[in-house]
Amino acid sequence: AKLHEIKILTDLKNYLEIDPFDLEMETLYANYLLRLGELKLALDIYLKHQLKYPNDLFVNYNLGICFYAIATKQSKEEISYQNEILKPSIALNLSENLLKQTLNQGDSLNAPLYLGKIKQAKTEMDSAIYYFRLRVRAKQSETDPYYLQATKALRQIFENDTVLFKKYLIT
């Protein structure tokens with residue numbers, strides 16, 4: 001972690017000691033932990049939020065992203081969930097279910113990108129293409145990083161599979 005990131009984490013932690021019930025600040029703290037690879041600590045916070053707000057779109061989105069990070073990154077430590085070591089395949093399924101839930105709930109702009117990545121990891125390419133295209137259609141600007149990731153993923157899929165490319169060329 002860089003010095004400024006440690007300072008931000010310290011400031012957020014200090015603030016939460018003063019006001020431990022500020023969901024927005026605690027979410028920001030968990031998001032920073034996630035960014036720095038502190039997956040277990042972030043997961044604990046997101047799970048606490050989900051217990052309190054089980055149907056909240058943003059809570060479920062953040063938890064889904066956390067499970068995605070656990071599934072795709074090598075954690076420094078074993079992470080347990082429901083009294084078992086969390087395997088990457090289970091974390092990926094948990095992420096998929098939560099992100100589908102947020103997408104079905106309404107306006108979840110970036111859930112399709114991660115659902116596309118999950119489907120690609122599971123080699124379910126038609127579904128991956130569907131989700132990546134969904135995110136591409138929601139482009140916010142030419143520099144939208146999630147749009148750019150989705151277009152790059154589509155390009156890679158089609159460059160590696162000419163049969164799929166021909167199939168989607170006409171649609």
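This is a predicted model: local features need pLDDT of at least 70, side-chain atom pairs count only at pLDDT 80 or more; totals for chains, interfaces and linings use all residues.
User: Let's start with the core. How many residues has the largest nonpolar core, and which have the most contacts inside it?
Analyst: The largest nonpolar core has 47 residues. Those with the most contacts inside it are Leu34, Leu43, Phe67, Ile70, Leu99 and Phe132.

User: Which helix gives the largest share of this core?
Analyst: Helix α4, residues 57–72. It supplies 9 residues.

User: And what does Leu34 touch, leaving aside neighbours within four places in sequence?
Analyst: Leu34 is in contact with Leu39, Ala42, Tyr46, Ile65, Cys66 and Ala69.

User: Back to α4. How many of its residues are buried?
Analyst: 14 of the 16. So α4 is largely enclosed by the rest of the structure.

User: How far does α4 reach from first C-alpha to last?
Analyst: α4 reaches 22 Å, close to the 22 Å expected at 1.5 Å a residue.

User: What caps its N-terminal end?
Analyst: Asp56 does. A side-chain oxygen of Asp56 lies 2.9 Å from the backbone nitrogen of Phe58.

User: New topic: aromatics. How many aromatic pairs in the whole structure?
Analyst: The search finds 5. One of them is Phe67 with Tyr81, an edge-to-face pair. The centres are 5.2 Å apart, with 75 degrees between the planes.

User: Which parts does that pair tie together?
Analyst: Phe67 lies in helix α4 and Tyr81 in strand β1, so the pair ties together parts that are 14 residues apart in sequence.

User: Are Phe67 and Tyr81 buried or exposed?
Analyst: Phe67 is buried, and so is Tyr81.

User: What about the rings of Phe158 and Phe165?
Analyst: Their centres are 5.8 Å apart and their planes are at 65 degrees, so that pair is edge-to-face. Phe158 counts as buried at 19% relative accessibility, because the cut-off is under 20%. Phe165 counts as partly exposed at 38%.

User: Which residues are in that ring cluster?
Analyst: Ring pairs link Phe158, Phe165 and Tyr168.

User: Where is Tyr168, and what does it touch?
Analyst: Tyr168 sits in helix α9, residues 162–169. Not counting residues up to four places away in sequence, Tyr168 touches Asp126, Ile129, Arg133 and Phe158. Tyr168 is buried, with a relative accessible area of 16%.

User: On to α5. Which of its residues are buried?
Analyst: Ala91, Leu92, Ser95, Glu96, Leu98, Leu99 and Thr102. What covers them includes α3, α4 and α6.

User: And just after α5, what phi does Gly106 take?
Analyst: Gly106 takes a positive phi of about 145 degrees.

User: Glu96 is a charged one. Which side chain does it meet in a salt bridge with N to O at 2.4 Å?
Analyst: Lys122. Lys122 is in the loop between α6 and α7 and Glu96 is in helix α5, 26 residues apart. Glu96 counts as buried at 5% relative accessibility. Lys122 is partly exposed, at 25%.

User: How many salt bridges in the whole structure?
Analyst: The search finds 9. Among them, Glu124 meets Lys119 at 2.8 Å, N to O. Lys119 is buried, with a relative accessible area of 7%, while Glu124 counts as partly exposed at 32%.

User: Which residues are linked in a network of salt bridges?
Analyst: Glu96, Lys100, Lys119, Lys122 and Glu124.

User: And what does Lys139 form a salt bridge with?
Analyst: Glu142, the closest N and O atoms being 2.6 Å apart. Glu142 counts as exposed at 56% relative accessibility. Lys139 counts as partly exposed at 35%.

Methods:
Residues are numbered from 1 along each chain as its sequence is written. Side-chain values use heavy atoms; hydrogens and water are left out. Helices (H or I, at least four residues) and strands (E, at least two) are DSSP runs, numbered from the N terminus. Buried means under 20% relative accessible area, exposed over 50%, partly exposed in between (1.4 Å probe, protein chains only). Contact means heavy atoms within 4.5 Å. A nonpolar core is a set of buried Ala, Val, Leu, Ile, Met, Phe, Trp, Tyr and Cys residues joined through side-chain atoms within 4.5 Å. The expected span of a helix is 1.5 Å times one less than its number of residues. A polar contact is a pair of N or O atoms within 3.5 Å; within protein, one must be able to donate a hydrogen and the other to accept it, and residues adjacent in sequence count only if both atoms are side-chain atoms. Rings of Phe, Tyr and Trp (its six-membered ring) pair if their centres lie within 6.5 Å; planes under 30 degrees apart count as stacked, over 60 as edge-to-face and the rest as tilted. A salt bridge is a side-chain nitrogen of Lys or Arg within 4 Å of a carboxyl oxygen of Asp or Glu.
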